[in-house]
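Student: Could you take a close look at one part of this model and at what surrounds it? I would like one connected account, with the cut-offs behind each term.

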Amino acid sequence: MDITKIAALALVAAALAVLLRQYRPELSFSVGLIVTVAVFAAITPYLKASLDFIHTVAEQSGAALPISPVIKALGIAFIAAVAADACRDAGEGAMASRVELASKVAILTLALPLAGELMGLFRRILG
């Protein structure tokens, strides 16, 4: 992954968005969305390789079950951050806050079964 290319793309797009915001605000938002898609397309192979590595290590260590909710939580956090930023770029701060709240609830829902497993483990150790 060439972060300099991604950073350059983002800087050029940000300058273009600022210019467009003065004359065509609706196009300014579109520039941000296009750059978001381009960055995700650029990082997808690296993200997949990282997730494959994490799955391999988890399977070899016998920790395959607990790692799955963690990976899902990271995915929820990434998606929510992008959506919330897009809402903020569109001037919808309240909507961005609701996306962030929904992501926290979703992550909490994922974590509850894992917390239950940990409590059972603690009971067996202490019991």
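Tutor: Ile-3 is exposed, with a relative accessible area of 55%, where exposed means over 50%, buried under 20% and partly exposed anything in between, using a 1.4 Å probe and protein chains only. The model is a predicted one, in which local features need pLDDT of at least 70 and side-chain atom pairs count only at pLDDT 80 or more, while totals for chains, interfaces and linings use all residues. Residues are numbered from 1 along each chain as its sequence is written, and side-chain values use heavy atoms, with hydrogens and water left out.

Ile-3 belongs to helix α1, and helices are here DSSP runs of H or I with at least four residues, numbered from the N terminus.

Gly-62 follows α2 and has a positive phi, near 80 degrees.

The partner of α2 in what follows is α1, residues 3–23, whose axis comes within 7 Å of that of α2 and crosses it at roughly 170 degrees. The axes are lines fitted to C-alpha atoms, for helices over the stretch in contact, and the angles run from 0 to 180 degrees between N-to-C directions. The two helices α1 and α2 are therefore roughly antiparallel, a term for angles over 145 degrees. In the contact (heavy atoms within 4.5 Å), α1 contributes Ile-6, Leu-9, Ala-10, Ala-13, Leu-16, Ala-17, Leu-20, Arg-21 and Tyr-23, and α2 contributes Pro-25, Leu-27, Ser-28, Val-31, Val-35, Ala-38, Val-39, Ala-42 and Ile-43. The crossing of α1 and α2 is left-handed, a label used if the near helix is turned anticlockwise from the far one by less than a right angle.

The buried residues of α2 are Ser-28, Val-31, Val-35 and Ala-58. An α-helix has 3.6 residues a turn, so residues three or four places apart point the same way. Ser-28 counts as buried because its relative accessibility is 6%, and, leaving aside residues up to four places away in sequence, Ser-28 touches Ala-17, Leu-20 and Arg-21.

Gln-22 of helix α1 is, by contrast, exposed at a relative accessible area of 55%. Gln-22 and Gln-60 are 38 residues apart in sequence, and their C-alpha atoms are 55 Å apart in space.

Ser-68 sits in helix α3 and counts as partly exposed because its relative accessibility is 25%.

Note on methods
Angles under 35 degrees count as roughly parallel, over 145 as roughly antiparallel, 65 to 115 as roughly perpendicular and the rest as oblique.
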